[in-house]
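Welcome! Open your viewer, get ready to select residues by number, and let's walk through this model one stop at a time.

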Amino acid sequence: RAHLMKRDWSDSAFEDGEGGNEATLERFERELVGMLRSSRRGLGDAQILGSAIDLAGAYKKNYKLEQSEAVLLRCTRGAEERSGAWMVKYLNHISQVRMKQSRDAEAMEMMYEMESLANFPMSEPGASTFYETLYRNMSSGLRRRSREDEA
């Protein structure tokens, strides 16, 4: 579960200017590469998969959308095999990348899938924030597609 919840890279403040932020991302990349080199399972290892998805979030936060997308696409199989909350986390990141790329139809499909997979009770820590963010993003996507009546 700790690997699924990993967010320390994507939760970094990234307030060191472009050069400093780039250096921080490079440090995260080196750390992930080190994990991959020492593993026989690669992205099949929960720690590495969690770190890769976290790195994609850090890229996304720095508007490095192509890098974020590339990492996430490599994580697809691992998220699908683990399913459940892993798939929700993966879809959350990739749908946000799609929204930033103005690929709203794809983002909406992913958010509907995420909604169907997310079945955590509101009492679970972070659930209310998750649902609030999901429905806000869905509403934004609908409005961007001129479907205000559904938003």
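**Stop 1: a residue in helix 1**

Select N21, which you will find in helix 1. Helices here are DSSP runs of H or I with at least four residues, strands are runs of E with at least two, and both are numbered from the N terminus. Before you go further, note that this is a predicted model, in which local features need pLDDT of at least 70, side-chain atom pairs count only at pLDDT 80 or more, and totals for chains, interfaces and linings use all residues. Residues are numbered from 1 along each chain as its sequence is written, and side-chain values use heavy atoms, with hydrogens and water left out.

Is N21 buried or exposed? N21 is buried, with a relative accessible area of 10%. Buried means under 20% relative accessible area, exposed means over 50%, and partly exposed is in between, using a 1.4 Å probe and protein chains only. Now show what surrounds N21: leaving aside neighbours within four places in sequence, N21 is in contact with F14, E15, D16 and N62. Contact means heavy atoms within 4.5 Å.

**Stop 2: rings around F28**

Next, select W9 and F28. Their ring centres are 4.9 Å apart and their planes are at 15 degrees, so this pair is stacked. The rule is that rings of Phe, Tyr and Trp (its six-membered ring) pair if their centres lie within 6.5 Å; planes under 30 degrees apart count as stacked, over 60 as edge-to-face and the rest as tilted. W9 lies in the segment before helix 1 (17-37) and F28 in helix 1, so the pair ties together parts that are 19 residues apart in sequence.

F14 and F28 form an edge-to-face pair, with 6.3 Å from centre to centre and 85 degrees between the planes. F14 also lies in the segment before helix 1, so its pair with F28 links parts 14 residues apart in sequence. F28 is buried at 2% relative accessible area, and F14 is buried at 14%.

By the pairing rule, the count comes to 6 aromatic pairs.

**Stop 3: helix 3 against helix 4**

Two packed helices are described by the angle between their axes and the distance between the axes. Select residues 65-82 (helix 3) and 84-100 (helix 4): they pack at an angle of about 155 degrees, with their axes 9 Å apart. That makes helix 3 roughly antiparallel to helix 4. Angles under 35 degrees count as roughly parallel, over 145 as roughly antiparallel, 65 to 115 as roughly perpendicular and the rest as oblique. Axes are lines fitted to C-alpha atoms, for helices over the stretch in contact, and angles run from 0 to 180 degrees between N-to-C directions.

Now zoom in on S68, in helix 3. S68 is buried, with a relative accessible area of 1%. Not counting residues up to four places away in sequence, S68 touches A56, Y59, K60 and V97.

**Stop 4: two loops**

Finish with Y63, in the loop between helix 2 (46-61) and helix 3. Its phi is near 55 degrees, a positive value in a residue other than glycine. Y63 is exposed, with a relative accessible area of 58%.

Then pick S83, in the loop between helix 3 and helix 4. S83 is not a glycine, although it has a positive phi of about 50 degrees. At 39% relative accessibility, S83 counts as partly exposed.
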